[in-house]
Every structure is written in structure tokens, then in C-alpha cells.
Amino acid sequence: MALSTLVYRVNNALKTLERTFFGALTNRYPPDDFRLCVDFEPQKQQIINEKSVLEEILRDGFLFAVPKHRRSIEARLRRKFGCPEYVLKILLPKKNLKICNVCGDDHEAGVLCPTCYKRVIDETTTMKEAIQNELKLEPIEEEVVVMYEGEKESKSEEFWKGKRIVEMPKPRPQWFTENLLQKTTQKGANTSDVKPSDLG
């Protein structure tokens, strides 16, 4: 075996051993080759010469994004208050308010009174809970009738035959008339005319 081959193998073995110990201690591997590093302090004149033109102009300043064009007064007002043709951001007083004839609260015209409708929602929720407690999970094969206090004596027994009765433990509200639960007796229209006829 030549001497150069022996030196080469010993060198590789030492490098492998060094990498193994270095990786086990630091969890990382050293560079492949060793290089000579000389630490010296450069001269001030050399640092000044190596500065870029931008650094000489800015020195210790910062660059900020600035608009390229001036925004007109009309554009600023449009961004602040909106545009009447599209979206108006300012608050305008409502002029379509009316007073409810039942409770006296204010609401928008063409919209149900929220106070009166809240009573309807509460009564409907109470009826649903009573129906759920009465029928439970049984299949509904008969007509379900909601009955308030004092209504059973007002009708004959034949009316209640073949119906599931759900009793409500309170009197019927004045605004909730019994006619609302009755089915319509009018027949459907056969014509497709929308305008009224025979008015003359």
C-alpha cells in the first residue's frame, strides 16, 4: 500500500470521526473543509467608498409610500359622505314612520308593528310547546285543534269527534280570534285574469 493512500484514508477517517462527535454534541454538522479566517478592522476611507449612492442620499432617513397625484376636494367629500346615486353614508331622518293603532308604538310604514308581532311570536311558541307536550312523538293521524279555556262548551260534541284536542290553560287573547284557525270556504279561481272585471 502506498504511503499517500494510507494518509488519505487516515484523513478521511479523522474527518468522519470529527463530524460524528460534532453532530452528537451540537445536533448539526460542521462545514466540509476548514478555512482560514482573518479578522481585521477595515479602514474608514474604504467603508465610505463602498457606500452606495442611495445611502449617501438618504443617510439616516426612511422611505415612505406617498401618493403620486393629488386627490381633489370632490373625491375627498365623496369618500367621506358617500354619493346619493350609489351609497349615502350620512344619517338621514326617517319620514316613513307611523303610529300603531293597537299599542301606540312607532314603526315603519309597510312593516308589521314589532311590539304587536312579539305577542304573536310568544303565543305561537306557547302553542307549539303545548302541542309538543300533548302529542310527544306519536304520529299525527287526526286533525289537531288548540282549545282555550271555556271553548269546549260553546260547541257540540260532534265538532270535537275525530280531532286531537290540545288544551291551553288560559283564556284566548282578544286579538287572537277563532276565525284565524278556520279553513277558507271560498273556492279557488279558475281564471287567470289579474284585473277586476264586471265593475260597471
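Which residues make up the largest nonpolar core?

View 1. Helices (H or I, at least four residues) and strands (E, at least two) are DSSP runs, numbered from the N terminus. Starting at the N terminus, the order of elements is α-α-α-α-β-β-α-β-α-β. Of the 200 residues in the protein chain, 12% are buried; buried means under 20% relative accessible area, exposed means over 50%, and partly exposed is in between (1.4 Å probe, protein chains only). A contact means heavy atoms within 4.5 Å. Among contacts between residues at least 6 apart in sequence, 23% join residues at least 24 apart.

In this predicted model, local features need pLDDT of at least 70 and side-chain atom pairs count only at pLDDT 80 or more, while totals for chains, interfaces and linings use all residues. Residues are numbered from 1 along each chain as its sequence is written, and side-chain values use heavy atoms, with hydrogens and water left out.

**View 2. Seven residues make up the largest nonpolar core.** Here is the reply to the opening question: the members are Met 127, Ala 130, Val 146, Tyr 148, Val 166, Met 168 and Phe 176. A nonpolar core is a set of buried Ala, Val, Leu, Ile, Met, Phe, Trp, Tyr and Cys residues joined through side-chain atoms within 4.5 Å. Take a look at Val 166: apart from its neighbours within four places in sequence, Val 166 is in contact with Ala 130, Ile 131, Glu 134, Val 144, Val 145, Val 146 and Met 147.

**View 3. Tyr 148, Trp 175 and Phe 176 form one aromatic cluster.** Rings of Phe, Tyr and Trp (its six-membered ring) pair if their centres lie within 6.5 Å; planes under 30 degrees apart count as stacked, over 60 as edge-to-face and the rest as tilted. This rule gives two aromatic pairs. One of them is edge-to-face: Tyr 148 and Phe 176 lie 6.2 Å centre to centre, with 80° between the planes. This pair links distant parts of the chain, 28 residues apart: Tyr 148 is in the loop between strand 3 (143-147) and helix 6 (157-160), and Phe 176 is in the segment after strand 4 (163-167). Tyr 148 counts as buried because its relative accessibility is 2%, and Phe 176 is buried too, at 10%. The rings of Trp 175 and Phe 176 have centres 5.8 Å apart and planes at 40°, so this pair is tilted. Trp 175 itself is partly exposed, with a relative accessible area of 32%.

**View 4. Arg 172 lies over the face of Phe 176.** The distance from the ring centre is 5.1 Å; a charge sits over a ring if NZ of Lys or CZ of Arg is within 6 Å of the ring centre and within 35 degrees of the ring normal. Look for Arg 172 in the segment after strand 4, where this residue counts as buried at 18% relative accessibility. Its side chain also has a polar contact of 2.5 Å with the side chain of Glu 151. A polar contact is a pair of N or O atoms within 3.5 Å; within protein, one must be able to donate a hydrogen and the other to accept it, and residues adjacent in sequence count only if both atoms are side-chain atoms. The side chain of Arg 172 reaches the backbone oxygen of Phe 176 as well, at 3.5 Å.

**View 5. His 107 is found in strand 2 (residues 106-108).** With 11% relative accessibility, His 107 counts as buried. A polar atom of its side chain lies 3.1 Å from the backbone oxygen of Val 111. Leaving aside neighbours within four places in sequence, the contacts of His 107 include Asn 96, Cys 100 and Pro 114.

**View 6. Lys 136 lies in the loop between helix 5 (114-135) and strand 3.** Phi of Lys 136 is near 60°, a positive value in a residue other than glycine. Lys 136 counts as exposed, at 59% relative accessibility.
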